[in-house]
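User: I'd like to learn how to read pockets and helix packing in a model. Can we take them one at a time?

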Amino acid sequence: LLVQRYQQSIFRLTQRMTRNAEDARDLAQDAFVQAFRSLAGFHGQSSFSTWLYRIAVNLCLNHLKARRREDPAEVDTVVADTRGDSLTTLLAGERDRALAAAIDQLPPQQRATLTLRVHHGLSHREIAEVMECAEGTAKANYFHAIRALRKKLEAFRDDT
C-alpha cells in the first residue's frame with residue numbers, strides 16, 4: 001500500500017536528481033527496500049513521506065557522489081516541443097538543455113533542495129526535515145540554487 005501510494009513521487013524525485021531513468025528506478029526501489037527494513041525505527045517524529053523522501057535523497061546524494069568519482073555526468077537530451085515553428089522549437093530545446101546542464105552543475109544539496117521545492121512542492125520547513133538541516137539552511141540552498149541558475153541562464157532571459 002505504501003509503495004503504491006508513494007512510488008510515483010519517489011521515482012520523480014530520483015529521476016530529477018539523477019537524470020537517468022534506469023538509475024532512478026533502482027534508487028526508488030532501494031528507497032522502499034531500505035524503508036521496509038528500517039520501518040521499526042520510524043517513530044513518527046516526522047511524516048512518513050518526509051522520512052521516505054529523506055531515505056531517497058540520501059541514496060541519490062550517495063549515488064551522485066559515487067558517479068562523480070567514476071565519470072563526469074552526461075546531460076540528457078530534452079525532447080523539444082514540436083508544436084509551433086521550427087525556430088521556437090529549436091530555441092525551446094536549447095533552453096531546456098541549458099537548464100538541465102545548469103541543474104546538473106548545482107551542488108548536490110542545492111539540487112536536492114530545488115527538486116523538493118519546485119517539483120514536489122515541499123515547504124522550506126519540510127525540506128529542512130528531509131535534508132536534516134535548519135530551515136534557514138534549506139532556504140539558503142534554494143536561494144543559491146535559483147541565483148546560480150539565473151546567472152547561468154542569463155542568455156535565455158526575456159528582456160521585454
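User: Which residues lie nearest the centre of the largest pocket?

Analyst: A pocket is an open set of points on a 1 Å grid over the protein atoms alone, with protein on both sides within 12 Å along at least five of seven lines; lining residues have an atom within 4 Å of a point. This model is predicted: local features need pLDDT of at least 70 and side-chain atom pairs 80 or more, while totals for chains, interfaces and linings use all residues. Numbering starts from 1 along each chain, and side-chain values use heavy atoms, without hydrogens or water. Here, Arg-16, Arg-19, Leu-99, Ile-103 and His-119 sit nearest the centre, out of 14 lining residues. Helices H4 (86-104), H5 and H7 (135-152) each supply at least two of the lining residues.

User: Which helix gives the most to the lining of the second largest pocket?

Analyst: That's H3, with 5 residues. Of the 14 lining residues, Gln-45, Ser-46, Trp-51, Arg-54 and Glu-132 lie nearest the centre. Besides H3 (48-70), H6 also gives two or more residues.

User: And at what angle do the axes of H5 and H6 cross?

Analyst: Two packed helices are described by the angle and the distance between their axes. H5 (108-119) and H6 (124-131) have axes that come within 10 Å and cross at roughly 135°. The contact (heavy atoms within 4.5 Å) is made by Gln-109, Ala-112, Thr-113, Leu-116 and Arg-117 of H5 with His-124, Ile-127, Val-130 and Met-131 of H6.

Methods: Axes fitted to C-alpha atoms, helices over the stretch in contact; angles between N-to-C directions. Helix = DSSP H or I, 4+ residues; strand = E, 2+ residues; numbered from the N terminus. 1 Å grid on protein atoms, 1.4 Å probe; cavity = no way out; pocket = protein on both sides within 12 Å on 5 of 7 lines; lining within 4 Å.
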